[in-house]
Amino acid sequence: MFTVIAIIVAILAVVAIAQLVKVWETSTRLKDKDVNDVTEKDNNTQGRLMLLFGVLFMVSFIAMVMAWGNRFLPEPASEHGIDYDFLWDISMGLIVFVFFIVQPILFYFAWKYRGTKDRKAVYYAHNNRLEAIWTIVPAIALAILITYGLTTWSDITNPDNEEAQVEPLVIELYAKQFQWTARYSGQDNVLGAANVRNIEGINVVGIDAQDANGFDDIVAMEQLVLPKGRPVLFKFRSQDVIHSAYMPHFRAQMNCVPGMVTQFQFTPTISTSEMREKADIQERVARINEIRELDPEKDPYEFDFVLLCNKICGAAHYNMRFPIKVVEPAEFDEWYSEQSTFSEL
Ligand SMILES: [Cu+2]
């Protein structure tokens, strides 16, 4: 009902504005003036408005960065996260640098060269040198940025486990509307075959009961526990629509696509309890709790790493989150040994 009223109001508003414009046009015609005539006064007003807008634009940019700059992600908690953040800083640094040169000039010129009666625009059709400069300089800058970005991306997505002589821990993240489930590969570190057709009762991710690799698999519905300092190779699957596994603190994101398995590997470097000790995190938590205190029904927030769905996958997409706990390797081994395997269920 509210939507219908809102749409009717919006339509009526458009009609009212159209009518007002008509009235204004008729009134100027009565005064024997052409509405399309641009007067000296119009040019001055528009020029000054441009200048004013430019100043407000720059001031609001600086004010927003100062006010909300501390809402950026905290320090990365994964090995590759440092390279990732460096790439981000370089790209943003360059963009902001160019922004601060180009935008003030743009609005200043709009005001300085506004139309006046005795100024005539210069007819300047072509200049090869200028064309070359503004083509080649951005082309070189972009080529460097893109090459740097692609090499960083390929280093992040293709870690050489053989050279590093590590065997990453294999974990599956299974996405469905609107829930995450983790499946650890167990003693053999090999995930058993799985298929959506096998989903029944407690077999929530559809493990194939015929495949011996799956007997020792461990399914975790409550949270994702990861060992600090050990590479983890995630295998992503989806039951229904495209989801996206986003682990912001680890600078990791990968789509979960029905019918195929995607993957991403990273090494957690900071445990949950270490992260909670950090001054920056404590400041963020305090800020969040200040807001939560206003609502007596809300419990205080405590920092946790989190896995979020980053693809608008349906009505309860916002609710598709899974806590991640990074612990010391010994604690992980202890937790791992306490879990029931698929064959024990
Ligand atoms: Cu989703």
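Modeller: Let us begin with a term: helices (H or I, at least four residues) and strands (E, at least two) are DSSP runs, numbered from the N terminus. By that naming, Arg 251 has its place in the loop between strand E6 (243-247) and strand E7 (252-256). Residues are numbered from 1 along each chain as its sequence is written. The model is a predicted one, in which local features need pLDDT of at least 70 and side-chain atom pairs count only at pLDDT 80 or more, while totals for chains, interfaces and linings use all residues.

Colleague: What makes the backbone of Arg 251 worth a remark?

Modeller: Its phi is positive, about 55°, although Arg 251 is not a glycine. Most residues other than glycine have a negative phi.

Colleague: Where is Asn 189 found, and why is it called buried, exposed or partly exposed?

Modeller: Asn 189 is found in the loop between E2 and E3. Its phi is near 55°, again a positive value in a residue other than glycine. Asn 189 has 15 C-beta neighbours inside 10 Å, so it counts as partly exposed.

Colleague: How do you know whether Asn 36 is buried or exposed?

Modeller: Asn 36 has 6 other C-beta atoms within 10 Å, and is therefore exposed. This residue is found in the loop between helix H1 (2-30) and helix H2 (40-68). Asn 36 and Arg 321 are 57 Å apart in space, C-alpha to C-alpha, and 285 residues apart in sequence.

Colleague: Into which domains is the chain divided?

Modeller: There are domain 1 (2-116 + 126-157) and domain 2 (167-344), with bounds that come from an automatic or database domain assignment. Their centres, taken over C-alpha atoms, are separated by 39 Å.

Colleague: How many residues of domain 1 are in contact with domain 2?

Modeller: Two residues are in contact if their C-beta atoms, placed from the backbone, lie within 7 Å. On that basis, 10 residues of domain 1 are in contact with 16 residues of domain 2.

Colleague: Which residues touch the most other members of the largest nonpolar core?

Modeller: A nonpolar core is a set of buried Ala, Val, Leu, Ile, Met, Phe, Trp, Tyr and Cys residues joined through C-beta atoms within 7 Å. The largest such core has 38 residues, and Leu 173 and Ile 324 touch the most other members. Strand E1 (residues 169-176) gives the most to this core, with five residues. Leaving aside neighbours within four places in sequence, Leu 173 is in contact with Trp 180, Ala 182, Phe 234, Phe 236 and Ala 245.

Colleague: Why are E3 and E8 said to stand at the edges of their sheet?

Modeller: Two strands pair if DSSP finds at least two bridges between them. The open sheet concerned has five strands in the order E3-E2-E1-E5-E8, with mixed pairing. Strand E3 (218-220) and strand E8 (262-266) each have a single partner strand, so one side of each is left without a neighbour in the sheet. Five bridges join strand E5 (residues 232-238) to E8, and these strands run antiparallel. Val 232 stands opposite Phe 266 in E8.

How values were computed. Buried ≥ 20, exposed ≤ 12 C-beta atoms within 10 Å, placed from the backbone.
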